Amino acid sequence: MASANLLSVSLALGLVSLAGCAHSTSSQPGAPVPAENRSTTAPSPDPRVGLRAGKMDAGEAIWNLRALSKTPPSEQFVDVTNSDLAFTSHYAIQGNYNGYQVWDIANPRQPALETSYVCPASQSDVSVYKNLLFVSGENLAARLDCGAEGVEDTVSSARLRGIRIYDISELAHPKNVGNVQTCRGSHTHTVLVDPKDRENVYVYISGSAPVRSSSELPGCISAASDPNSALFRIEVIKVPLAHPDQAAIVSSPRIFNDLVAPPKHGETPQDIAASKKAAAEARAAGGYTAVIHDQEIVLPPQFVDPMLDSVVQARQGTGAPTAADSAALRQALPGIISAMIKAHEAEVPPTAGPTQCHDITVYPAIGLAGGACAGYGLLLDIRDPAHPVRLGAVSDSNFSYWHSATFNNDGTKILFSDEWGGGGQPKCRKTDKHEWGADAIFTLQNRQMQFQSYYKMPAPQTQQENCVAHNGSLIPIPGRDVMVQAWYQGGLSVFDWTDPKHPQEIAFFDRGPVDSTRMASGGYWSTYWYNGVIVGSEISRGLDIFELVPSGLISQNEIDAAKSVHLDYLNTQGQPKLVWPATFSLARAYLDQLERSKGLSADQISSARETLAQGEKASDVERSKALSELATRLDGDANQAGDATKVRKLAEAVRQLSAAPHLAQRQ
Amino acid sequence: MTISHWRHSPALITALALAACTSTHRGAVQTAPQPAAHHETSPPATAKARADSLRHPYTAADVDFMSHMIGHHAQALVMAGWAPSHGANPSVQILAERIINAQQDEIATMQQWLRDRGKPVPEARPTGTKMMMNGVEHEMLMPGMLTEEQMKQLDQARGPEFDRRFLTFMIQHHRGAVAMVQSLFGTNAAAQDETVFKFANDASVDQSTEIARMERMLAALPASSGSP
């Protein structure tokens, strides 16, 4: 289809806004997406294909989102890479290779630059905790004195590679209270707030650049063969909150030791189904199967026949194997296979494993961390912050470079992303495979990771757009696992991974390429949900803020419930446990979900909605009584319901609402 | 085992590269001397290139790195391109497909970086790099690049033997690229340019990860009588 045609179709659908307007607001009546939108299908053809190029005036496609503001970088940060985001109070702190900017986002329709701080370093990954701000430096040009002239000497006392620590009690006057230098610098870092330790926070440093000279930082050894090599480890910095100037490395855990898992292709649902079918058919026909690495495979006759012969020989018989011989072999097979696998694994020489992690996401509430570490995704026990322990590792032949991790709120799933090509390459073209440069979703059971599926932003992008999986966060929609994720110039994609085998996109925003003639770096570094809005750090275009718009895939009640979750601060890689206050929106969100899934009868749903509506208008006493009765009724309904678990969650939400009527603000 | 032979042997790689040099001048892998204070003056370049190099001017070492890595990558494309026709096993074929995809894109990045700065843009040819030394032109193989003889050995192999040679040679080839990055970062005033630092670091990290993967694949290949 000609792009002119495509454009007119998209315009008719109200999906494309051509003007890339600064500070545009569009929440007034008559906004592009009508409030009654109940559609559950993505627009077709995909309006993200064929968007006009332009730096600040690119074509745009938006679905189930509303842009609240688009704010260009302030003067000293124009044409310099914007990187990651951290949030505190009503401020967004945006890292930049030139330092950082602090945006007041109290009014998301009009972010105001609160302050900016010029101190060049890449990647200027930022985190915040109370009055402290942490900023990463990795490159060779970053200086301790924040000068912009670079550092020419290969050995220099002027160089900063590690983290800078600031006291930002006064945002406009950050005080550099400490720097911790590390051998490989800090590509990213993760602040770990240990629930048992109120005196300190810990910072995990992931550095991927080459080891610097020991003449520059004593003790830095680059030789892989040296037992004290700065490779094959992460660094843990302990920061005493009362004395951040005393922050120092307290351990360098070698979390990769003895990591020998082979690269294994994560099976697609189709592959698994096909293999199950083949195994079942083989078994029905009297064939032999074995479970190898959790998958049942059919054993070929060349493998089985010699074994059957040896069973015959073992009973000193001759001729064809009998039914009893087959049965004996069938019984012994699991043990034989398991011994063979062990013997094979013992033959494979241990390799040194990854030399570093790219990023680590800690989830202190459940004592776990997800480490995205070169060729592996790791699960770590972080209950002793200075001594993380590896619990498991996954590897995948479709993954190039394990980049970051996100747990679902229940801690029953973990999603890893693959930043294939480092973020500078166009990995979302029609010719790039769906499972390359994507997310891989795993379930977590008994602390074991089990592959489920891949997710990749589905709209093909051009050769001029760097595009690959990048940073994202959960959106606190109760009862569902929903995430918003940055895909560089592939835009942002909101998707539901409640069903880990079938992740589904439910909203998106995308712009055309920065430049139509060449690859020019741009797009979203990170898009995170923070207190009701989605904030995106656009590498070259600035700071964008969005809100969700209801559709058949996401209801207004679910959005309201998501907005009811308030955080005082957020470092996305220090994942907080999301807790929903008791609100009518929460109960109604569950009801909307039950209606969608048919997990409760239509009559029971409409009756519950009616009670909620009446309760909301009633006096405190009447409300409490009505809601309490509804909760009891729902408990009973749960037993026959299609989705008993969710009905019980609903009953619990209604019960909390009845017990705390003063909390039941009308949302 | 071949792997342990290769591991921790940057000296061996350098030796290989030197042996491949058609000239007798030692140390020729490092090209023109790069005095710390010498910054090239910006040629008429696009505004974007200026923005990229705004703070820290690039040096001759940066230009050499970007130029020389193109031929290095081009050889990987030829090697990987043989996988389907030479009976590689499926996992080696997938690896080869990924290498082609990754290195083709990276060649485009390097060519654009050079073009933006008005520098000569080498074509993606799997040959050595032409260098002038003492007024004489020499063709140099960058670290880790396969010699003509090694390329012939790989081209002649089929099936499992191709897999073994491909992995062995590609590990050598990748190690050379990582060594080139280390050498760049060890040069005064080099890689201050943001694009060069990021590109070189990403290439080093990706290829180191791929080396570890190839080592494991090599170890998992079925045993054979002929050792590479």
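## Helix α5 of chain B

In this predicted model, helix α5 of chain B covers residues 90-116. Beyond the helix, α5(B) is followed by G118(B), which has a positive phi near 65 degrees.

The partner described here for α5(B) is helix α8 of chain B, residues 194-220, and the two pack at an angle of about 165 degrees with their axes 12 Å apart. Since angles over 145 degrees count as roughly antiparallel, α5(B) is therefore roughly antiparallel to α8(B), and the crossing of the pair is left-handed. On the α5(B) side the contact is made by S91(B), A102(B), E106(B), T109(B) and W113(B), while α8(B) contributes T195(B), F199(B), A203(B), D206(B) and M217(B). Sorted by class, the residues of this contact comprise 5 nonpolar, 3 polar and 2 charged.

## Helices α7 and α8 of chain B

Helix α8(B) also packs with helix α7 of chain B, residues 159-185, the two axes coming within 9 Å and crossing at roughly 155 degrees. That angle makes α7(B) roughly antiparallel to α8(B), and the crossing of α7(B) and α8(B) is left-handed.

The residues of α7(B) that meet α8(B) are L167(B), T168(B), M170(B), I171(B), H174(B), R175(B), A177(B), V178(B), V181(B) and L184(B). From α8(B), the residues taking part include A200(B), A203(B), S204(B), Q207(B), I211(B), M214(B), M217(B) and L218(B). By class, the contact of α7(B) with α8(B) divides into 13 nonpolar, 5 polar and 3 charged residues. Two residues of α8(B), A203(B) and M217(B), are listed in the contact with α5(B) and are listed again in the contact with α7(B).

## A helix pair in chain A

In chain A, helix α6 (residues 584-597) and helix α7 (residues 602-617) pack at an angle of about 165 degrees, and their axes lie 10 Å apart. The two helices are therefore roughly antiparallel to each other, with α6(A) passing α7(A) in a left-handed crossing.

F584(A), A587(A), R588(A), L591(A), L594(A) and E595(A) make the contact from α6(A), and I605(A), A608(A), R609(A), L612(A) and E616(A) make it from α7(A). The class count for this contact is 7 nonpolar, no polar and 4 charged residues.

## Two open sheets in chain A

One open sheet of chain A has 4 strands in the order β8-β9-β10-β11, paired in the antiparallel sense. Its edge strands are β8 (123-129) and β11 (175-181), each of which pairs on one side only, and the twist from one strand to the next averages 20 degrees. Within this sheet, strand β9 (residues 132-137) and strand β10 (residues 162-167) of chain A are joined over 6 bridges, and S136(A) stands opposite I163(A), a residue of β10(A).

Another open sheet of chain A, again of 4 strands with antiparallel pairing, runs in the order β22-β23-β24-β25. Here the edge positions are held by β22 (402-407) and β25 (448-455), each pairing on one side only, and the twist averages 25 degrees from one strand to the next. Strand β23 (residues 413-418) and strand β24 (residues 439-445) of chain A pair over 5 bridges in the antiparallel sense, and S417(A) is placed opposite D439(A) in β24(A).

## Backbone geometry in chain A

Most residues other than glycine have a negative phi, and most peptide bonds are trans. Against that background, the peptide bond from S44(A) to P45(A) is cis, with omega near -5 degrees, and P45(A) is placed in the loop between β1 (16-17) and β2 (60-63) of chain A.

Q316(A) is not a glycine, yet its phi is positive, at about 55 degrees. Q316(A) lies in the loop between α3 (301-314) and α4 (323-347) of chain A.

## The contact between chains A and B

Between the two chains, 38 residues of chain A are in contact with 38 residues of chain B. The side of chain A that touches chain B is made up, by class, of 18 nonpolar, 16 polar and 4 charged residues.

Note on methods. Residues numbered from 1 in each chain as written. Chains lettered and ligands numbered in written order. Predicted model: local features only at pLDDT ≥ 70, side-chain atom pairs only at ≥ 80, totals over all residues. Pairing = 2+ DSSP bridges. Axes fitted to C-alpha atoms, helices over the stretch in contact; angles between N-to-C directions. Contact = placed C-beta atoms within 7 Å. Nonpolar A, V, L, I, M, F, W, Y, C, P; charged D, E, K, R; others polar. Expected span 1.5 Å × (residues − 1). Parallel < 35°, antiparallel > 145°, perpendicular 65-115°, else oblique. Left-handed = near helix turned anticlockwise from the far one by under 90°.
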